[in-house]
Amino acid sequence: MDLLEVFDCTKYSTLASPLDPSTKLSADGGSLLPDPSHYRKLVGKLNFLTNTRLDISYSVQHLSQYMQSPREPHLKAAYHVLRYLKGDPSLGIVLSNRNDYGVRAFYDSDWAACPESRKSVSGYVVLLGDSLISWKSKKQHTISLSLAEAEYRSARQVVGELVWLLRLLEDLTVPLTLPVPVFCDSQATLHIAKNLMFYERTKHIEVDCHFVRNQLHEGLISLHHISTHELADIFT
């Protein structure tokens, strides 16, 4: 509620979604803001809020792309997020007290999601039992030439996060069961990870292939296919 009061958003009605699906933001659309620091301050606070509100992760990463030269449509979209938060300002993460220490991970990607750079967006979530302990929505650094490549780059991100998390949990003496199941909706990703041969079309992601494949062969993770209908796309 403090955030809503700081940005004078308490007088507006609530909205059902973090972003308006009919609004397409661009770097040069609309008038430049006279005071860009206002937008940067708002997005910075929303970014901090993603530590407990994973439902706005995709929206915040999208708005963060326009920090350099924010414009009127960008600020309007940021206030759209605030009006969404107003609908349930107390919503947060609930940690289960069950003695379930099984780690699971789910990931997905949206190929060529950025209309300007055609870079893809990766999203993943990691659970300890029934409790969410890690999540991220982020635009990939390079352009993926195919959906399989975008999915595999997402796989490398979540596996890298799992390597760090498992070391942390081990230091905290949390009993772990390996391998950690990792779920995705891409059959091509599973085939590349389990196939020892490289092809011309996978050469440009060979480093990612080696990293994920090594963790697979060492028994740290296991890859499983899941239906797209069972995989939440909230991060992409």
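In which crossing, left-handed or right-handed, does α5 pass α6?

Modeller: The model is a predicted one, and α5 passes α6 in a right-handed crossing. The contact is made on the α5 side by Ala148, Glu151, Tyr152 and Ala155, and on the α6 side by Ala188, Thr189, Ile192 and Ala193. Sorted by class, this contact of α5 with α6 has 6 nonpolar, 1 polar and 1 charged residues.

Two packed helices are described by the angle between their axes and the distance between the axes. Here helix α5 covers residues 147–171 and helix α6 covers residues 187–194; their axes come within 9 Å and cross at roughly 65 degrees. Since angles of 65 to 115 degrees count as roughly perpendicular, α5 and α6 are therefore roughly perpendicular to each other.

The loop between β3 (131–139) and α5 holds Ser144. At 4% relative accessibility, Ser144 counts as buried, because the cut-off for that class is under 20%. Apart from neighbours within four places in sequence, Ser144 is in contact with Trp111, Ser120, Glu149, Ala150 and Arg153. Ser144 and Leu165 are 21 residues apart along the chain, and their C-alpha atoms are separated by 27 Å.

The loop between α5 and β4 contains Thr173 and also Pro179. Most residues other than glycine have a negative phi, and most peptide bonds are trans. Thr173, a residue other than glycine, has a positive phi, near 60 degrees. With 67% relative accessibility, Thr173 counts as exposed, because that class begins over 50%. The peptide bond from Leu178 to Pro179 is cis, and its omega is near 0 degrees.

Strand β4 (residues 180–184) contains Phe183, while Phe106 lies in strand β1 (residues 103–110), so the pair they form ties together parts that are 77 residues apart in sequence. The ring centres of Phe106 and Phe183 are 4.9 Å apart and the ring planes are at 20 degrees, so the pair is stacked; the cut-off for stacking is under 30 degrees. The count of aromatic pairs comes to 1 by the rule that ring centres lie within 6.5 Å. Both Phe106 and Phe183 are buried.

Note on methods: Residues numbered from 1 in each chain as written. Predicted model: local features only at pLDDT ≥ 70, side-chain atom pairs only at ≥ 80, totals over all residues. Heavy atoms only, no water. Axes fitted to C-alpha atoms, helices over the stretch in contact; angles between N-to-C directions. Helix = DSSP H or I, 4+ residues; strand = E, 2+ residues; numbered from the N terminus. Parallel < 35°, antiparallel > 145°, perpendicular 65-115°, else oblique. Left-handed = near helix turned anticlockwise from the far one by under 90°. Contact = heavy atoms within 4.5 Å. Nonpolar A, V, L, I, M, F, W, Y, C, P; charged D, E, K, R; others polar. Phe/Tyr/Trp six-rings, centres within 6.5 Å; stacked < 30°, edge-to-face > 60°. Buried < 20%, exposed > 50% of the residue type's maximum accessible area, 1.4 Å probe, protein only.
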